[in-house]
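Here is a short report on one protein chain.

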Amino acid sequence: MKPEWQEWASQAKAEFPQANSALMPLMHRIQLVEGWLSDETIQDIADLMGVTVQYVESVASFYSLFHREPVGKRVIHVCVGLSCALAGSDELMHNLEKRLHIKEGQTTADGAYTLLEAECLAACDKAPMTQIDLRFVGPIRPEDVDTLLNKEVPS
Ligand code: FES
């Protein structure tokens, strides 16, 4: 456990009346620095928050914003929800796989990109919707893969 995590946990708990509500902000803060949440990190977070490992694991596995494996420098999520599917997200994903030479769920050999699918991102009016590093980018037409990959998003 990194020394600063204790302080981060205290800060998160102080912000929310229920300690459980502080869990996701703490997980997010740690992931921003670590890049992903390892088994050891999940255990540390459970200890810090006084909840079970299984509880932290369930939160980490439910939300696509948490990574349980190392990811690339940039993480691209392509929404595969109904509205986005109807607007061409399957073709967009296919074009990204071709362009990056990886399949969904994988990271490029140079560690530059990880490509993941996401369920409805709650931006159906801009289908097909994507996220780069959790920032909304869309609509992105299937033929506009380069536009997506060259997009500058604030960190
Ligand atoms: S289905 Fe893609 S944002 Fe809702």
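## Overall fold

The protein has seven helices and four strands. The model is predicted. Along the sequence, the elements follow the pattern α-α-α-α-β-α-α-β-β-β-α.

The C-alpha trace spans about 45 × 35 × 30 Å along its principal axes. Of the 155 residues, 27% count as buried. Take the contacts between residues at least 6 apart in sequence: 52% of them join residues at least 24 apart.

## Helix 2 against helix 4

Two packed helices are described by the angle between their axes and the distance between the axes. Here, helix 2 (residues 23-34) packs on helix 4 (residues 53-62) at an angle of about 70°. Their axes are 11 Å apart. Helix 2 is therefore roughly perpendicular to helix 4, a term that covers angles of 65 to 115 degrees. The crossing of these two helices is right-handed.

Which residues of helix 2 and helix 4 meet? Helix 2 brings Leu23, Met24 and Met27. Helix 4 brings Val56, Val59 and Ala60. By class, the residues of this contact are six nonpolar, no polar and no charged.

## The sheet

Strands of a sheet pair through backbone hydrogen bonds, either parallel or antiparallel. In this protein, four strands form an open sheet with the order 2-1-3-4 and mixed pairing. Strand 2 (113-118) and strand 4 (135-137) are the edge strands, and each pairs on one side only. On average, neighbouring strands of the sheet are turned by 25° against each other, direction ignored.

Strand 1 (residues 74-79) and strand 2 run parallel. Six bridges join them. Within this pair, Val75 stands opposite Thr114 of strand 2.

## Helix 6 over the strands

Helix 6 (residues 89-100) lies across strand 1 and strand 2. Relative to strand 1, helix 6 runs at about 150°.

## A loop residue: Ser21

Ser21 sits in the loop between helix 1 (3-15) and helix 2. Is Ser21 buried or exposed? Ser21 has 12 C-beta neighbours inside 10 Å, so Ser21 counts as exposed. The cut-off for that class is 12 or fewer.

How far apart are Ser21 and Leu148 in sequence and in space? The two residues are separated by 127 residues in sequence. From C-alpha to C-alpha, Ser21 and Leu148 are 34 Å apart.

How values were computed:
Residues are numbered from 1 along each chain as its sequence is written. This is a predicted model: local features need pLDDT of at least 70, side-chain atom pairs count only at pLDDT 80 or more; totals for chains, interfaces and linings use all residues. Axes are lines fitted to C-alpha atoms, for helices over the stretch in contact, and angles run from 0 to 180 degrees between N-to-C directions. Angles under 35 degrees count as roughly parallel, over 145 as roughly antiparallel, 65 to 115 as roughly perpendicular and the rest as oblique. A crossing is left-handed if the near helix is turned anticlockwise from the far one by less than a right angle, and right-handed if clockwise. Two residues are in contact if their C-beta atoms, placed from the backbone, lie within 7 Å. Ala, Val, Leu, Ile, Met, Phe, Trp, Tyr, Cys and Pro count as nonpolar, Asp, Glu, Lys and Arg as charged, and the others, Gly among them, as polar. A residue is buried if 20 or more other C-beta atoms lie within 10 Å of its own, exposed if 12 or fewer, and partly exposed in between; C-beta atoms are placed from the backbone. Two strands pair if DSSP finds at least two bridges between them.
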